[in-house]
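Reader: I am new to this one. Could you walk me through it, feature by feature?

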Amino acid sequence: MKLAVIFGGISSEHDISCLSAASILRNLDKSKYEIHAVGITREGRWYYLPECDADAIESGAWENRNDLVPALLPPDRSIHGLVLLREGETEFVRLDCVFPVLHGVGGEDGTMQGVLELAGIPYVGCGVLASSVCMDKAVTNTLADQAGIAQAKWLATDVNEYRENRTEFIKKAEATLGYPIFVKPANAGSSVGITKAHDESELREALEKAFSCDRKAVLEEFVDGFEVECAVIGNYKPMASCIGQIISCNEFYDYTAKYVSDSRLLIPAELPEDKQNEVRKEAVRAFKTLGCTGLSRVDFFVRKSDGRVMFNEINTIPGFTSISMYPKLMEQSGVPYPKLLDKLFKLAAEIKEDK
């Protein structure tokens with residue numbers, strides 16, 4: 001199988017994408033795959049790496065290599081792969097599958113999936129609609145409400161609506177949600193731009209911070225609960241992994257707590273078996289409700305006061321780093337990292353065959 005791993009990208013999660021890609025490259029069975037690595041810079045330049053150097057990708061040094069080849073992924077289905085612009089000459093690399101290891105905007109939001117659909121190339125993960133729906137927290141929450149999936153109380157506003165009447169919106173948020181209030185950009189991943197606001201002054205600052213990342217913000221009530229995650233894999237008959245639990249080193253599980261500081265991941269979670277089964281059931285329900293295929297990581301709170309399982313968010317291209325929850329949960333569920341990759345490529349081919 002001729003496989004391309006695309007990484008980097010224009011989002012704030014560029015560095016995490018590189019870490020994920022390096023881990024994937026180290027776990028791919030070289031006897032099964034002809035592997036091609038394509039890096040996207042923060043400015044959106046595409047480069048083909050003649051050597052799949054996982055160490056250079058992990059450190060970010062790949063961008064300074066002198067053997068990088070400008071690359072394109074055209075929507076022309078007759079090409080069905082990459083176009084390399086090597087020293088004034090054009091070279092074609094036909095692909096059987098692509099793993100877009102691109103977290104956040106420009107990779108997880110349906111845009112990359114749209115390019116691959118036009119090109120007719122099978123790819124790992126959710127399709128265009130599910131990717132874009134799950135990227136936007138306001139749309140995700142709206143569909144979850146419609147499906148009767150329990151979640152925290154929430155509000156959404158865009159930057160123009162908010163700035164036209166700040167005071168009225170602040171009062172509405174205080175009355176509906178109460179403090180503390182979590183404020184999030186609607187379209188950003190890995191807890192980028194998220195703030196826990198404890199009063200009006202912090203809430204106003206939090207909204208401006210969210211708007212620096214996206215034009216739309218989502219506000220959610222605070223839930224005093226255990227943070228748990230579940231890996232879901234499959235297309236038409238998705239399966240849920242065991243449950244993992246997060247013990248954050250910070251006040252909440254922000255970007256630093258995920259990737260920099262010493263947060264703890266408990267696998268399996270310290271929850272009763274019946275509650276873990278409930279989380280698994282709700283994870284599959286959310287996955288199917290939102291139209292996901294391939295894989296997603298679904299996050300929940302289990303409220304301490306009454307044990308209620310409450311949907312938090314879904315990630316259609318979860319982290320694949322050496323410390324990421326998705327591959328760890330799958331490994332604990334009996335699917336080691338290399339076998340997980342094999343399965344994801346088969347699921348991508350299955351979707352393509354059905355189309």
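This is a predicted model: local features need pLDDT of at least 70, side-chain atom pairs count only at pLDDT 80 or more; totals for chains, interfaces and linings use all residues.

Reader: Which residues of α10 are buried?

Author: First the general idea. An α-helix has 3.6 residues a turn, so residues three or four places apart point the same way. Now the case here. K275, Q276, V279, E282, A283, V284, A286 and F287 are buried in α10.

Reader: What covers the buried residues of α10?

Author: Strands are among the cover: β12 (225–234), β13 (239–247), β15 (294–303) and β16 (309–315) are included. Just after α10 comes G291, with a positive phi of about 75°.

Reader: Now the lysine. Is K184 buried or exposed?

Author: Buried means under 20% relative accessible area. K184 has 6%, so K184 is buried. K184 lies in strand β9, residues 181–185.

Reader: What does the side chain of K184 make a polar contact with?

Author: With the side chain of E220, at 2.9 Å.

Reader: How many aromatic pairs does the structure hold?

Author: It holds 10. A pair of aromatic rings is described by the distance of the centres and the angle of the planes. Take Y33 and F345: their ring centres are 5.1 Å apart and their planes are at 75°, so this pair is edge-to-face.

Reader: Where do Y33 and F345 lie?

Author: Y33 is in the loop between α1 (14–27) and β2 (34–40), and F345 is in helix α12 (residues 337–354). The pair therefore ties together parts that are 312 residues apart in sequence. Y33 is buried at 10% relative accessible area. F345 is buried at 1%.

Reader: What about F99 and F320?

Author: They also form an edge-to-face pair, 5.5 Å centre to centre with 85° between the planes. F99 sits in strand β7 (residues 97–100), and F320 in the loop between β16 and α11 (325–332). This pair links parts of the chain 221 residues apart. F99 is buried at 2% relative accessibility. F320 is buried at 0%.

Reader: Which residues form one aromatic cluster?

Author: Y33, F99, F320, Y326, Y337 and F345 do. Elsewhere a charge meets a ring. The charged end of K304 sits over the ring of F226, 5.3 Å from the ring centre.

Reader: Last, the backbone. Which peptide bonds are cis?

Author: Most residues other than glycine have a negative phi, and most peptide bonds are trans. Here the bond from Y179 to P180 is cis, with omega near -5°. P180 is in the loop between α7 (166–177) and β9. The bond joining I267 and P268 is cis too, with omega about 0°. P268 lies in the loop between β14 (264–266) and α10.

Reader: Where does H80 lie, and what is its phi?

Author: H80 is in the loop between β4 (69–72) and β5 (81–86). Its phi is near 55°, positive in a residue other than glycine. H80 is buried, at 13% relative accessible area. E87, in the loop between β5 and β6 (89–94), has a positive phi of about 50°. E87 is exposed, at 79%.

Note on methods: Residues are numbered from 1 along each chain as its sequence is written. Side-chain values use heavy atoms; hydrogens and water are left out. Buried means under 20% relative accessible area, exposed over 50%, partly exposed in between (1.4 Å probe, protein chains only). Helices (H or I, at least four residues) and strands (E, at least two) are DSSP runs, numbered from the N terminus. Contact means heavy atoms within 4.5 Å. A polar contact is a pair of N or O atoms within 3.5 Å; within protein, one must be able to donate a hydrogen and the other to accept it, and residues adjacent in sequence count only if both atoms are side-chain atoms. Rings of Phe, Tyr and Trp (its six-membered ring) pair if their centres lie within 6.5 Å; planes under 30 degrees apart count as stacked, over 60 as edge-to-face and the rest as tilted. A charge sits over a ring if NZ of Lys or CZ of Arg is within 6 Å of the ring centre and within 35 degrees of the ring normal.
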